[in-house]
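Hi,

Here is the structure I promised to pass on. Have a look at it first, and then read on for what turned up.

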Amino acid sequence: SLYSVFTVLLVYFTNVSAACGHLREPCINIANGCESVWNIVEDVCNISVVGNKCKAEDAVGCNTIIQVLADKYPVLKNCVCTTDGFCSITTLLEKKCSINKDDASMEAKIQWNLSTLSKQEHTANRTCLDVNKECVEDEVCNKQLSLYLKGCSVNKKCNMKECQAAIRFFYQNMPFEVAQTMTFCDCTQPDESCHRAKDLLHGKPCAVTADPTPSCLNVIHTCEENDWCRKKYRTFRSKCWRHVTKTCYDDEACLETLIKEEIPCSASRACQAAYVGTWGTVLRVGCSCQHAPAPEQPLCELFRRLLHSASCLR
């Protein structure tokens, strides 16, 4: 019965002393029936998605099982429960998979060191078609590019958050000079092939196109609500728009005085690194001021210039 199956799992967990991130591995490697029980839990919790063991649906049935495990065996509480007592498979996976992601990031960096592209210095004003062709012809770059594109077209559908995570992983783990070349490539002619290559390298449409198009003010406010994004935004602003930062910092009333001025931006290496660092965040999502309320229009336009004036960063 289902009850007896879970009893087997509970008995198994009484003997677990390994770290939370390794609960699954010893279970599936011992011959006491634990593997089949774990597989049932994976099915109930929907964490057996092909190619993605770090994803779970926060289903009621799954979390009920997790809560029972945590209540009966306190050793699991550190693995599956938050500080407020809420216990879920998601909490376990977040801890387990953070280790996996660190390992994957390190592996990607090691692979990039073997790429011929890692030996090249950044060259400005490259066409995106040439940059894309160069990447495809390099074994390491082509592999990483394929992984990123796969993350943006799971089951041929766009999931913006998954795509943003994929493009973030792609750019954060490559050598900075390669990231510079890819980020600041452009198409100087109305060349459809070049523009397709640019869209591919820059996450369009999946990672950067929202429907409906958000207000640029909303983009900034959404980013400010997320610790990680807020750090990326403030680094970008301080490295690229020092005049704005030093003059007004977080004072929107002060920022409004700059709206009619030409705001100088920095094209320094530090600025370009900060801009590359915003890949995979809401800051790269296309925004508009078309539907912003009239009183907010000028400030919205200022933020649009700050976020999307890539030409002044090259």
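Let me start with a pair of side chains: glutamate 192 and arginine 196 form a salt bridge, with an N to O distance of 3.7 Å. Both belong to helix α11, and because they sit four residues apart there, about one helical turn separates them. Glutamate 192 is exposed, at 60% relative accessibility, and arginine 196 counts as exposed too, with a relative accessible area of 52%. Before going further, please keep in mind that this is a predicted model.

In total the structure has eight salt bridges. As a general point, side chains of opposite charge can pair when their charged atoms come close. Another of these pairs is arginine 304 with glutamate 301, at 3.0 Å from N to O. These two are three residues apart in helix α17, which covers residues 297-308, so about one helical turn lies between them. Arginine 304 is partly exposed, at 33% relative accessibility, and glutamate 301 falls in that class as well, at 30%. Then there is glutamate 134, whose salt bridge partner is arginine 126; their closest N and O atoms are 3.7 Å apart. Glutamate 134 is partly exposed, with a relative accessible area of 24%.

Now for the overall picture. The protein chain has 17 helices and zero strands. It runs to 314 residues, of which 42% are buried. If you take the contacts with a separation of 6 or more, 66% of them link residues 24 or more positions apart.

What surrounds threonine 183, once its neighbours within four places in sequence are left aside? The contacts are Tyr171, His202, Tyr275, Val276, Trp279 and Arg284. Threonine 183 is in helix α10, which spans residues 176-183. It has a relative accessible area of 5%, so it counts as buried, the cut-off being under 20%. A polar atom of the threonine 183 side chain also lies 2.7 Å from the backbone oxygen of alanine 179.

For background, most residues other than glycine have a negative phi, and most peptide bonds are trans. Which peptide bond has an omega near 0°? That is the one from lysine 204 to proline 205, which is cis. Proline 205 lies in the loop between α11 (192-201) and α12 (216-224). There is also a cis peptide bond between aspartate 211 and proline 212, with omega at about 5°. Proline 212 is in the loop between α11 and α12, and proline 205 is in that loop as well.

Although it is not a glycine, asparagine 125 has a positive phi of about 65°. You will find it in the loop between α6 (89-113) and α7 (128-137). Is asparagine 125 buried or exposed? It is exposed, at 69% relative accessibility.

That's it from my side.

Cheers

Note on methods:
Residues numbered from 1 in each chain as written. Predicted model: local features only at pLDDT ≥ 70, side-chain atom pairs only at ≥ 80, totals over all residues. Heavy atoms only, no water. Buried < 20%, exposed > 50% of the residue type's maximum accessible area, 1.4 Å probe, protein only. Contact = heavy atoms within 4.5 Å. Polar contact = N/O pair within 3.5 Å; in protein donor to acceptor, adjacent residues only side chain to side chain. Salt bridge = Lys/Arg side-chain N within 4 Å of Asp/Glu carboxyl O.
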